[in-house]
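I opened a new notebook page for this chain. Below is the model I worked from, followed by what I looked up.

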Amino acid sequence: MTRYRLAADIGGTFTDVVLFDNNTGVYRTEKVPTTQQNLSEGVLNGITRMVGDFKEVDFFVHGTTAGLNAFLERKGAKMALLVTKGFRDLYEIGRANRSEIYNIQYRQPTPLIKRRHIFEVDERVLVDGDVENPLNIDDLNEVINEISNNGYDSVSVCLLHSYKNPDHEKQVKKVIQEKLPSISVSLSHEMVREWREYERTSTTIINGYIAPIVEKYLAEFEEEIDHRGLNKDLYIMQSNGGVMTSEIAKVKPIQTLLSGPVGGTMGSLKLGQSIKKENLICIDMGGTSFDVSMVINGEPDITSESNIEKFPILSAMVNMHTIGAGGGSIAWIEGGGLRVGPQSAGATPGPACYGNGGTDATVTDANLILGRIDAEGFLGGKMKLDWQAAYKAIEKLAHQLGLRVIETAEGICEIANSKMADAIRTLTISKGIDPRDFSLVAFGGAGPMHSMLIAENLGIKRIIIPTLAGTFSAWGMLQTDIRHDDVRTFVSLLENTDQTKMHEIYQNMEQEAEEILKQQKIKKEDIEFNKLADLRYVGQEYTVTVPLQSSLNTHSLIDLKDQFHNTHLRMYGHNNPEGDVEVVNLRIVSFGILKTQEKVFSETKSVENPEPIRRKNIVWNNIEIETPVFSTKVLAYGQTINGPTIIESNTSTIVVPENYHVHVETMGNLEVIRRNKND
């Protein structure tokens, strides 16, 4: 009988593994160094520390960065693009808009594919889906011969108006696979059935660019875990907050781009449900990056269109803002001023205190010098830190700045905190959202260490530290369901909408989604559908996505229109209730419900005051103060702690400044409230 549920999240510095034991009802965690040369090696190292027999694993979900790394480092596949004859320059022209109008150094991104790798195919489908010019097979064969002769690894196909009629794209794929069966083929209508040719082309190109890399990584990883006895399906975390089998991930690897960080968002959603908090700002600070996402009104903030590295992607993704600020972010001097990040020391050599040859001062080194991190007890004592190496690295900067080492260390942390607070403002204040109305959920190895100092920058008074904060993204992956998103372009005035046609489109999407979920072994009774629509005022370019709350009828369309007006007002600060509303796209979100494990609530409230495990000198505002240090191992439900203090766990350290009050809630999570100085 199988007994374990397993999740693994690969970060830039550490790889996190979380295991749930069905027999004992206990979660166990491991944090191991990420092995950059072979990412799967670090995952397997973490698993083998907890699982003796891989055959006992019942469910395994994995967050992979293979695709994202290939994309960011421009190390994707050698790829060809097939387009409709006459539209070879569509991708390079892109859009004429300037996204940063006040940046005089702004440049459009360098295309992922050069013009010489773009081939025209003789065919033409009209905007209504009618075929004006049938696919010329002879012409296609000539193109395929060129592809074969040039040794391409991947082919992306984006034919005009294929979102409306995909028959030509399907024919192209069939011919390519007959002649070149080993080549990866990405079709635009399989990526997204939505208009906007440039955005759809960009999405398909990114998928094709990373497809061979992700396919190779997953195939090798599957082979390795199969060899070790784990013969269950491998699930992959998706950017939209759901999971999918690795077989589906090989077809749509673009959905793995935010595979790791999204786990934390979904974990925060589950946490918010348990503590009855619907509005959350989720921050994940690891060794390399700082990721911000949100839960709004009890739902993850998901966008249907995003930009990564200035490239548009038409694919449902958790709305996430990432900056290069983590424990490994390097401090440096420019123009006589101190800077932090975005460069990172990574896992190798890592911060100077890791003792692996690193000499650059990092945020982790600064926290060690300030006394916030225990050199002997880092990662629960599994890793010893070199205090002298950290001191020398920061001392080098201090001499250049004319400051004391302690002042420089605090300056490094304050700059990092300010950058992270600005990242949160990008998702909140810049969009008319007041962060003070939200609770801050902090996780990742370094998130709890900086969370209260970041919150102070933003006026946030409530911070939640999850029980498994250091490996929370991996834990969140175990709380998700299989998810599939689909979209169809359907343009019509809302008041004149053909409800029969609209119903047919939704029904077709449901049937296709059901087939995809069945491929992933989901029973029909475990499938749920959510209908949505993209609406806009007539004359606008962009849309607002609104859920269809009930069955499709005249009343529900009126409700849909009212929701649109209200949402438009909330998002943009204005609306026009008298204006004509137009439906542009119909969407469906399909869930395959998986069994998840509920955390056990503690019913016994402790009346004893917690005792610190030791006291140590820690720097607070350039002054050394003897500070109590507590361990999460000895904290119990109902206990309270007042700052300043340090709370340690096996995978993270929680820094609690003065005027903060910590309460241990029923599941072991910590709720931290900022007190007024006069209280």
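Before anything else I noted how elements are assigned: helices (H or I, at least four residues) and strands (E, at least two) are DSSP runs, numbered from the N terminus. I am working with a predicted model, in which local features need pLDDT of at least 70, side-chain atom pairs count only at pLDDT 80 or more, and totals for chains, interfaces and linings use all residues. Residues are numbered from 1 along each chain as its sequence is written, and side-chain values use heavy atoms, with hydrogens and water left out.

**Entry 1: the whole chain**

I counted the elements and got 16 helices and 35 strands. The radius of gyration (taken over C-alpha atoms) is 26 Å, and the globule rule (2.2 Å times the number of residues to the power 0.38) gives a value close to this, 26 Å for 679 residues, so the chain is as compact as a globular protein of that length. Along the principal axes, the C-alpha trace spans about 80 × 65 × 60 Å.

I then looked at burial, where buried means under 20% relative accessible area, exposed means over 50% and partly exposed is in between (1.4 Å probe, protein chains only). Of the 679 residues, 57% are buried. The accessible surface (Shrake-Rupley method, 1.4 Å probe) is about 29,400 Å², and carbon and sulfur atoms hold 46% of this area.

Residues 24 or more positions apart account for 67% of them.

For charges, I counted Lys and Arg as positive and Asp and Glu as negative, leaving out His and the chain ends. Each charge is placed at NZ of Lys, CZ of Arg, CG of Asp or CD of Glu. The chain has 70 positive and 90 negative side chains, and the centres of the two sets are 3 Å apart.

**Entry 2: F59**

What does F59 touch, beyond residues up to four places away in sequence? I found Y4, R5, L6, Y235, L478 and L594. F59 sits in strand β4, residues 57-63. Its relative accessible area is 7%, so F59 is buried. I also checked F59 against T13: they are 46 residues apart along the chain, and their C-alpha atoms are separated by 25 Å.

**Entry 3: cysteines**

A disulfide is a covalent bond between the sulfur atoms of two cysteines. I searched with the cut-off of a pair of cysteine sulfur atoms within 2.5 Å. How many disulfides does this rule give? The count is zero. I looked up two cysteines anyway: C158 is buried because its relative accessibility is 4%, and C282 is buried because its value is 1%.

**Entry 4: cis peptide bonds**

I noted a cis peptide bond from G341 to P342, with omega near 0°. P342 is part of strand β22, residues 337-344. Another cis bond joins G643 and P644, with omega about 5°. P644 is in the loop between β31 (640-642) and β32 (645-648).

**Entry 5: positive phi**

Where does R74 lie? I placed R74 in the loop between α2 (66-72) and β5 (79-84). R74 is not a glycine, yet its phi is positive, near 55°. Its relative accessibility is 37%, so R74 is partly exposed.

K521 also has a positive phi, about 65°, although it is not a glycine. K521 lies in the loop between α15 (499-519) and β26 (527-537). Is K521 buried or exposed? At 65% relative accessibility, K521 counts as exposed.

Technical notes
Contact means heavy atoms within 4.5 Å.
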